[in-house]
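Please open the model in your viewer and keep the selection panel within reach.

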Amino acid sequence: MLLSLMIFIPLLGMVAVLLLPRESEELVKRVTLLFTLIPLALAVYLFISYDRSTAGTQYVTNVPWIDAFNIQYHVGIDGLSVTLLLLTALLGPICVIASWRNIEKGIKAYMALFLLLETGMLGFFAALDLFLFYVFFELTLLPMYFLIGVWGGPRREYAAIKFFLYTLFGSVLMLVAMIAVYLNSNIVNGVAEGARTFDIPTLITLAATQGHALANSDFQVWVFVGFFIGFAVKVPIFPFHTWLPDAHVEAPTAISVILAGILLKMGTYGLVRINMAMFPQGLDHFTDGIGFWGNSLALLGFINIVYGSFCALAQTDFKKLVAYSSIGHMGFVILGLAARNDSGITGAILQMFNHGVISAMLFLLVGVLYDRAHHREINGFGGLGTRMPIYTGITTLAFMASLGLPGLSGFVGEALSLLGAYERFKFLTILSTIGIVVGAAYFLWTLQRVFLGTLNPKYEALPEINGREILTLVPLGILTIVLGVWPNFAIDMFRESVTNLIDVLNAI
Amino acid sequence: MKNIDSLLYFTPEILLVIFAVAVILLDLVVKNRESSAVAHLSLVGCICTFAAVLFIHFSFGDEGPISLFLGMIRLDTFSSFFKILLLLATAATILFSLRSEELDARLKGEYYALLLAITLGMFLMASSTNLLMIFISLETVSLTSYILAGFLTHSPRSSEAAFKYITYGAVASGTMLFGLSFLFGMTGTGDLAQIAGRLTELLAAGDIAPLAVLIAITFVLAGVGYKIASVPFHMWSPDVYEGAPIPITAFLSVASKSAGFALFIRFFYTGFGSTGLMESVNWPLMLAIVSALTMTVGNLAALPQQNVKRLLAYSSIAHGGYLLMGGVLLTSEGIGAILFYLVVYLFMNLGAFYVVVLVANEVGSEMIDGYRGLASHAPLVAGAMMIFLFSLTGIPPFAGFFGKWILFTAVLEQGYYWLALVGLLNSVVSLYYYARIVKAMFFEEAGEETDSVSFSTGTFALLSVFVIPTIFIGFLNIFYTFSNISVSVMPMQ
């Protein structure tokens, strides 16, 4: 009940915002903030009250929805989803505050869409029915399309439709796989018995049952591919990544934050929740280390890391640099998952959360600079450190966290992922560390070009970061430091879930 | 059942005839040309017929299917379902016509009388069980639609549309009649159920070649395919849809297609659903190919369109293709999926056409450019159009998604994975052209004139009649069961 409340309060907020008069912009913003703060409070409560000692799902609601197809409204949380729910709920109010001044037209529609987006994301992380999961997954598409297309930069129309088409392409393949799973969910030893189901926990059990159609390894490989492409577009995994730089560059600051912070995590969360837990034999086919296919998932992770990092190195647009660095950092998640051992998966999940926090910071910081200078050309700045010391300090913190400086959160996730991957894919893991070196290179080089050196005379009067902007960055900054020195704060949440997942993976 | 006894069950059709005549008579009496009394009378006609359909269904529906007029037509849940669907489409068309400014005020009487007449024809299409009756009902609908398509007497495009429609229609009807005569010649009967029995016997005994049956079916498919605008009999529809008055385009794309599918299902399911025929003639594969081609051609042709009416015409061809997927193997799941999709399609497509009517009235343009900046001067209308278009694409949470999902489930259940994949990739393609309209409405600024357009409360009320079901149908259990009921009463004799 509490969980459902959290999911649908933003939707309620959307209705409330739509009913407000168009002129009262301040009121619209305040109401939106209120309706994003309530889920945050609930998420914090869930995070604290969640029973860490068990892997079972908690706060479960399970009611029938569409009887004809045995679809249920089934939501619940485990350690993985509660972590990402917290991240989502945290970025909600931060993005509202970040949008406070720099959305010039149609603030009412913007906030309404933002709230709809939040409901979609929260619902996605809590859904335990495959059909519901898909509906929430797709529910984020529409608001995102409009948020980029209406409030974005000069090439927003192109970026919006590209984002939409790519994601839809991925999700239709996922839909086929999903229907295939549903149709096979009651076939045991070639005979249909009982009702079909979309229930994720049930399906996971069935897929591990000897003789069940879902446990057939060929079947698992095919549906694995279907789901994988759907999620790979979202992550994004090379070669499905080309929508991301466009979408990021064109999207307004707060939407970039959501895109990098949450939407990319939806892809990797799906990989863990569906691909790994439900199709362990499919996963095995792509990660058993034998031949090309056995190394393919790790190879994709490696390509993401190296390709993303080198692309980032070549950028002169600050936001595009951060966008490509996202691709690189998501590669560590894929690599960690491909390792499918304790440290690999723990690292991957931690990296999901950390990247959500750090990339949100980076995009917010880019937004702060853009709002003042109205461009993002890295070479067009210089010496800002003297003009904006606080801003420079926070940016340095975010850069260091992102490039993986020990003591900050980025390091722990990446180190654990690499540690896990090394056990299985030594060669690829060693090569992947190039990504870390390049990552340090482009961040330090950017730091140098923007903040050090002689001050560009054009920006002598550039105002320092203001209180509202600091307010959005401080919670994230604290998290990067806390998780850097005390990662168990997050790891404890999903330790049992990971153990449980590894048991499933080892059972085949 | 004998003819006289049948009349009681025929009340809805009789009511339609009475109101069609009454509309013509009223038109003679009413002096004021601007009066909308005629339209209102035909609306009352729809409501009375609606009540009669419901009354007869609930009074006699439990007794199972009733065969009327010596086996010419049949009353069952399936036909009642379609009658309700068709009446909704007709009522919506009448309301659109009332609000549309392109129709000639002097020709109102004929216009509304013809609308009721065409509804009668479609009623018969949905309930015919005899080859002769099938052909007559199809021709009633076709001839009436030729006139309606050419109703904009001052517009050469409208006349061109009507002429093209007739030319293609004549060829299709002729071909179909030829096919029907084959069937009659082979079996010696016009009754669909008996034809099925006879064909099975003859094929089993080896007295006729399976090829002969395939040819007959193909010819009949030409007539049906022409009504549902499936490839390769779709050529008429873009021109006709573009030239015809917008309410008629809406009507043809929804009602005509629905009636066509009713006929298609009854003809193939009752006449050829028996397993013996499925094995000897591989027409499921033929239908699958037709379906894949129809949606692909429709979607690809829609991509470059600039005229929204024409774009929606191609999109409706594509939707015919999606619907055909459900009919490939004629399983009850497949037919249930078609029925569900038709309900959804009724609301979302009529809704989209209603917005086209509104924009044509206000902006005077049917081109995508005319939709620029609609979101800023008419946000509710633009929002509604956005919902219809994304529902047509099949994006959750709108009803179109649930419709497509059921269709794809039915197809995958039969193992036609390639067909489902073609269908799904087509949905992705369709997003591109639907999104072009959305883009014009939301992302682009209007030209010089940016006056806020105010629409009446009635407009919004009518709009919400389409918007609310488009959002909520998928979430309600009752619609899933409704489709199943109407299939369960289709006996395979």
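The tour below begins with chain A as a whole, moves through its parts, and then turns to chain B.

Before selecting anything, note that this is a predicted model, in which local features need pLDDT of at least 70 and side-chain atom pairs count only at pLDDT 80 or more, while totals for chains, interfaces and linings use all residues. Residues are numbered from 1 along each chain as its sequence is written, and chains are lettered from A and ligands numbered from 1 in the order in which they are written.

**Stop 1: the whole of chain A**

How much of chain A is buried? Buried residues make up 60% of its 508 residues, where a residue is buried if 20 or more other C-beta atoms lie within 10 Å of its own, exposed if 12 or fewer, and partly exposed in between, with C-beta atoms placed from the backbone.

**Stop 2: the two domains of chain A**

Colour residues 1–287 of chain A as domain 1 and residues 290–508 as domain 2, bounds that come from an automatic or database domain assignment. The centres of the two domains, taken over C-alpha atoms, are separated by 22 Å. Their contact takes 50 residues from domain 1 and 50 residues from domain 2, two residues being in contact if their C-beta atoms, placed from the backbone, lie within 7 Å.

On the side of domain 1 that touches domain 2, at least two residues each come from H3 (79–98), H10 (243–250), H11 (253–278) and H12 (280–287) of chain A. H11(A) gives the most to this side, with 13 residues. By class, this side of domain 1 has 32 nonpolar, 14 polar and four charged residues; Ala, Val, Leu, Ile, Met, Phe, Trp, Tyr, Cys and Pro count as nonpolar, Asp, Glu, Lys and Arg as charged, and the others, Gly among them, as polar.

**Stop 3: a hairpin in chain A**

Next select residues 58–66 and 71–77 of chain A, which are strands E1 and E2, running antiparallel and joined by six bridges; two strands pair if DSSP finds at least two bridges between them. A:Ile66 stands opposite A:Ile71 in E2(A). The two strands form a hairpin with four residues between them, and in the turn A:Asn70 has a positive phi of about 55 degrees.

**Stop 4**

Select residues 296–314 of chain A to see H14, whose 19 residues reach 26 Å from first C-alpha to last, close to the expected 27 Å; the expected span is 1.5 Å times one less than the number of residues. Its buried residues, among them A:Phe302 and A:Ile305, pack against H12, H15, H19 and H20 of chain A.

Now move to H18 of chain A, residues 389–403, which has 15 residues and reaches 21 Å, close to the 21 Å expected. The buried residues of H18(A) include A:Tyr391 and A:Phe399. Just after H18(A), A:Gly404 takes a positive phi of about 90 degrees.

**Stop 5: chain B and where it touches chain A**

Show both chains together: their contact takes 24 residues from chain B and 24 residues from chain A. On the side of chain B that touches chain A, the elements giving two or more residues are H18 (399–413), H19 (417–442) and H21 (477–488) of chain B. The largest share, eleven residues, comes from H19(B).

**Stop 6**

Finally, select B:Thr294, which is found in H13 (residues 283–302) of chain B. Is B:Thr294 buried or exposed? B:Thr294 is buried, with 28 other C-beta atoms within 10 Å. By contrast, B:Ile147, in H6 (residues 131–149) of chain B, counts as partly exposed, with 17 C-beta neighbours inside 10 Å.
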